[in-house]
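Please take a moment to look over the sequence and the structure before reading on.

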Amino acid sequence: QIVGLTGTIGSGKGTTAEFLVAQGFQHVRIRDELARAVEQSGKPVNRDSMLLMANQLRAHHGPAVFVQRICEQATKCRRKTIIDSVRTTAEAKCIQDAGGLLVAIDA
């Protein structure tokens, strides 16, 4: 099962993720996946390099590249997975196509 979390800053996404982790889910943050990609490229991990890398990867692999990779890995490993900070409709559709659920949180 895949659960995508979306919501405004401070809305409770982290608290929701903590609850789901206690229920046996693994917690994956899109930002962490992006930071790992920047790090592997040998560039410093900062806002500018992350924005540049995100734009390059999305241009080359599509607008939901990170969520798609996470969904593929979760499905392959059959792990219950939370994807934190889903932002775009393409990412939401990717989760839906993988049979997942998108949860919008607002304080």
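A salt bridge here is a side-chain nitrogen of Lys or Arg within 4 Å of a carboxyl oxygen of Asp or Glu, and a residue is called buried when under 20% of its relative area is accessible and exposed when over 50% is, with partly exposed in between (1.4 Å probe, protein chains only). This is a predicted model, in which local features need pLDDT of at least 70 and side-chain atom pairs pLDDT 80 or more, while totals for chains, interfaces and linings use all residues. Residues are numbered from 1 along each chain as its sequence is written, and side-chain values use heavy atoms, with hydrogens and water left out.

Aspartate 84 belongs to strand 3, which covers residues 81–84 (strands are DSSP runs of E of at least two residues, helices runs of H or I of at least four, both numbered from the N terminus). Although aspartate 84 is buried, it has no salt bridge, and the nearest side chain of opposite charge, that of arginine 29, lies 4.5 Å away (Lys and Arg count as positive, Asp and Glu as negative, and His and the chain ends are not counted).

Turning to the open space, helix 2 (30–40) and helix 3 (47–61) each supply at least two residues of the lining of the largest pocket, and helix 3 gives the most, with 5 residues (a pocket is an open set of points on a 1 Å grid over the protein atoms alone, where a 1.4 Å probe fits, with protein on both sides within 12 Å along at least five of seven lines, and lining residues have an atom within 4 Å of a point).

Helix 3 also contains leucine 51, which counts as exposed because its relative accessibility is 52%.
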